[in-house]
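Here are a few exercises to work through with the model open in your viewer. Try each task before reading its solution.

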Amino acid sequence: MALHTLRPATRKMWLVLHILSAGAWIGVDVIVAVLVAVGLAGDERARGLAYQALGSFVVLPMLTAGLVCLVTGLVLGLGSKWGLLRYWWVAVKLTLNLVLCTLILVALNPGMPGVRAHGEAVSAGLTSSLDTANLMFPPIVSLTTLSLATVLSVYKPWGRIRRFSAAAAAAPRSPR
Ligand code: HEM
């Protein structure tokens, strides 16, 4: 049961915010993918600038979009028939959103000062030993996951999550 069913106009407002934040998140990921590609394949000046931009400006907008998507999704789930753990498509999206936000904080953020320093070194014509090939994985993982979440949102597959209580499992089956 929904905690408090949102009025249609209020639900639409939250849904707009939810879709905008999901779109912004995907957009930031596309920018990251472009910066990583320029960092790997551009000329020296472009490479230095790409790594400096990547190391300086990416994590905050990405995390903000991810958290707004999470909060608006929580409001929509709790304020509607969908719930949070009642339908597989919502529960899976909740898990994916939490995992991605955790990865931004735990796996991406700590490496960013090193990426910025690498960019500054490249711009100054110095050598730097950072393994930049690994930077391809965050946008690939995130864009794949967010695409999956978008597909789940539109198709809403797999139906309800069945909850087996001990009482239900122990109850005798009614004769046909
Ligand atoms: C992982 C990133 C997410 C993306 C890319 C995403 C994307 C979307 C999109 C595009 C819609 C609109 C679907 C439509 O109207 O047909 C939607 C709706 C919805 N999303 Fe998400 N979402 C995400 C995370 C979440 C989370 C974490 C939750 C819940 C905790 C959630 C709950 C919902 C609900 C309940 C709706 C339906 C709202 C309604 O029509 O009443 N979403 N989502």
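At which residues does UniProt place the feature "transmembrane region"? The UniProt record, an unreviewed entry, puts it at residues 15-41, 53-76, 88-108 and 135-155. UniProt positions follow the numbering used here, feature names are shortened, and annotations may be inferred rather than shown by experiment.

Two notes before you start. This is a predicted model, where local features need pLDDT of at least 70, side-chain atom pairs count only at pLDDT 80 or more, and totals for chains, interfaces and linings use all residues. Residues are numbered from 1 along each chain as its sequence is written.

**Exercise 1. Check two of the annotated spans against the model.**

Step 1: assign the elements. Helices (H or I, at least four residues) and strands (E, at least two) are DSSP runs, numbered from the N terminus.

Step 2: take residues 15-41. That stretch is 100% helix and 0% strand, with its end C-alpha atoms 39 Å apart.

Step 3: do it again for residues 53-76. Here you get 96% helix, 0% strand and 34 Å between the end C-alpha atoms.

**Exercise 2. Describe helix 1 and what packs on it.**

Step 1: get the length. Helix 1 (8-41) has 34 residues and reaches 49 Å from first C-alpha to last, close to the 50 Å expected at 1.5 Å a residue. (The expected span is 1.5 Å times one less than the number of residues.)

Step 2: list the buried positions. A residue is buried if 20 or more other C-beta atoms lie within 10 Å of its own, exposed if 12 or fewer, and partly exposed in between, with C-beta atoms placed from the backbone. In helix 1 the buried residues are His18, Ser21, Ala22, Trp25, Val28, Asp29, Val32, Leu35, Val36 and Gly39.

Step 3: recall some helix geometry. An α-helix has 3.6 residues a turn, so residues three or four places apart point the same way.

Step 4: find the cover. Helix 2, helix 3 and helix 6 are among what covers the buried residues of helix 1.

**Exercise 3. Find the largest nonpolar core and follow Leu54.**

Step 1: A nonpolar core is a set of buried Ala, Val, Leu, Ile, Met, Phe, Trp, Tyr and Cys residues joined through C-beta atoms within 7 Å. The largest one has 21 residues, and Trp25, Val28, Val32, Leu54 and Met62 have the most contacts inside it.

Step 2: list the partners of Leu54. Contact requires C-beta atoms, placed from the backbone, within 7 Å. Leaving out residues up to four places away in sequence, Leu54 touches Val32, Leu35, Val36, Gly39 and Val115.

**Exercise 4. Is Ala50 buried or exposed?**

Step 1: locate Ala50, which lies in helix 2.

Step 2: count. Ala50 is buried because 24 C-beta neighbours sit inside 10 Å.

Step 3: list its contacts. Beyond four places in sequence, Ala50 touches Leu35, Val38, Gly39, Gly42 and Gly119.

Technical notes: Two residues are in contact if their C-beta atoms, placed from the backbone, lie within 7 Å.
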